[in-house]
Amino acid sequence: MTPPSAPEAQVRERAQVETLAAAYYRRQTHLAATAARLTARWWRAMPRADMDFYWRLNAAALIAVFAEMQEKAAADADAYVSACLLAQEVEPAPAGRLDPAAFAGHAADGRPLESLLYRPLITTKALIGRGASESIAFERGLAELLTIANSEIADAGRAATGARIATDRACAGYVRMASAKACARCAVLAGRVYAFNRGFKRHRRCHCYHVPMGRKERWRKRAETYVEDPREHFDRLTAAEQDRRYTAAGARAIRDGADITQVVNARRGLYTADAFGRRVQATREGTRRRSSPFVRRELARAIERGQLPRGHSGRGWRPHTPRFTPEAIYKTADSRDEVIRMLRHHGYLV
C-alpha cells in the first residue's frame with residue numbers, strides 16, 4: 001500500500017487533532033454549563049428577606065459544586081494533551097500525572113472560592129441600597145454569578161492543560177484556538193503559536209483553548225498549518241454579528257478592506273484628541289513602534305516637511321499627529337476615496 005504523501009498526511013493529522021480539540025472544548029463547555037445551571041437553581045432558591053442567613057446555611061453546597069466541576073475540567077487535561085500528541089505521531093513524555101484536585105477549590109486569581117462567590121450577594125445588596133428593585137438587583141447578582149461559573153470552570157481546565165503542556169518534554173508549545181463565540185480580541189489571536197512556557201491570556205467568559213503541538217523539527221512551521229485566518233472567522237459571521245463584536249465602524253472598516261488586527265487593536269489606548277478643528281477619537285495603539293505602518297508614514301511626512309533630516313531612522317521620535325480610530329475616519333472623511341486613503345495612512349489598510 002502506497003504511504004500517503006506529506007500534504008495528505010498533514011491534512012489527516014490536522015483533521016484528527018481538530019476533532020480532539022473540538023471534543024475537548026465541548027466537554028469543557030458542558031461542565032461550565034452544568035455548573036451554571038446548578039448555580040442558577042441555588043441562587044433562585046435564596047430568600048430575598050435574608051440572603052446572609054441563606055449563604056451561611058448553603059454556601060458549602062455551592063462551593064462544592066464549583067470545586068467538583070473544576071476538578072472534572074482539570075481531569076481532562078492529561079488525556080487530551082496525550083491524544084493530541086499521539087495524533088501527531090509524537091510519543092507523550094509527561095514528567096508526571098496531574099492532580100486535578102490541585103486546580104479545584106480556589107479561583108483563577110488564587111483567592112478562596114468562598115470570597116469570590118459571595119461577591120454577587122454584595123452586588124445585589126448594593127443595588128438594593130441604591131434604590132434598585134429587588135427583582136432587578138437579584139437578576140444582576142445572578143448574571144454575575146453565572147459569569148463566574150462559566151469563567152472559573154473553563155479557567156481550571158485551561159490551567160491544567162497549560163500545566164500538562166509545560167511538563168511534557170515531547171510538547172513544544174500550543175496553538176491558541178477560538179470557538180465561533182469568540183469576541184473580536186480573541187478572534188485576532190486565534191491560530192497564534194506559543195511556546196510551552198507562555199501563559200494563556202484570557203478574559204472573563206473567554207471561549208479560547210489550547211491545541212498542543214508535539215516537538216518535531218520546525219514545530220512552529222507545522223503549527224502554522226492549524227492557523228485560521230481571523231478574516232475567515234469574520235466573514236462567517238452575519239453583518240449584525242460583525243457589527244456587535246467589532247463595532248459598526250470597525251466592521252465597516254474591515255469590510256472595506258482594513259486589516260482586522262489593526263482595527264481590533266485600535267480599541268486599546270483610546271483617547272480624545274483635537275484634529276482638523278474638531279474633537280476626534282484616537283488611539284495610542286500602533287504609534288510607538290517604528291515598524292508600525294502609521295509611524296513609518298508619519299516619519300516619511302516629517303522628513304518631507306524638513307522636520308527631520310534625510311535618512312532619519314525614527315529612533316526616539318514619536319508622531320505628533322493622532323492616529324484616528326475607524327470611527328473617527330468615517331466621521332471625518334468626505335468620500336469613499338478619502339476613507340480608503342485615511343484607512344491606509346493610519347495603518348488599517350495594507
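Mentor: Start with tryptophan 42. Its relative accessibility is 9%, so tryptophan 42 counts as buried. Bear in mind that this is a predicted model.

Now look at its partner. The ring centres of tryptophan 42 and tyrosine 54 are 5.0 Å apart. Their planes meet at 55 degrees, so the pair is tilted. Stacked would need planes under 30 degrees apart, and edge-to-face over 60. Tryptophan 42 belongs to helix α1 and tyrosine 54 to helix α2. Twelve residues separate them, and the pair links distant parts of the chain. Tyrosine 54 has a relative accessible area of 11%, so tyrosine 54 is buried.

Trp42, Tyr54, Trp55 and Tyr118 make up one aromatic cluster.

How many aromatic pairs are there by this rule? The count is six. Another of them is formed by tyrosine 24 and tyrosine 80. This pair is stacked, at 4.0 Å centre to centre with 10 degrees between the planes. Tyrosine 24 sits in helix α1 (residues 6-44), and tyrosine 80 in helix α2 (residues 51-87). The two are 56 residues apart in sequence, so the pair ties together those parts. Tyrosine 24 and tyrosine 80 are both buried.

Next, a charge over a ring. Arginine 48 lies over the face of phenylalanine 138. The distance to the ring centre is 4.9 Å.

Now the nonpolar packing. The largest nonpolar core has 27 residues. Which of its members touch the most others? They are Trp43, Met46, Trp55, Phe66, Leu117 and Ile153. The largest share, eight residues, is from α2.

Take isoleucine 153 as an example. Set aside its neighbours within four places in sequence. Isoleucine 153 then contacts Gln28, Leu31, Ala32, Ala35, Phe66, Met69, Gln70 and Ala73. Phe66 is also among the core members that touch the most others.

Note on methods:
Residues are numbered from 1 along each chain as its sequence is written. This is a predicted model: local features need pLDDT of at least 70, side-chain atom pairs count only at pLDDT 80 or more; totals for chains, interfaces and linings use all residues. Side-chain values use heavy atoms; hydrogens and water are left out. Rings of Phe, Tyr and Trp (its six-membered ring) pair if their centres lie within 6.5 Å; planes under 30 degrees apart count as stacked, over 60 as edge-to-face and the rest as tilted. Helices (H or I, at least four residues) and strands (E, at least two) are DSSP runs, numbered from the N terminus. Buried means under 20% relative accessible area, exposed over 50%, partly exposed in between (1.4 Å probe, protein chains only). A charge sits over a ring if NZ of Lys or CZ of Arg is within 6 Å of the ring centre and within 35 degrees of the ring normal. A nonpolar core is a set of buried Ala, Val, Leu, Ile, Met, Phe, Trp, Tyr and Cys residues joined through side-chain atoms within 4.5 Å. Contact means heavy atoms within 4.5 Å.
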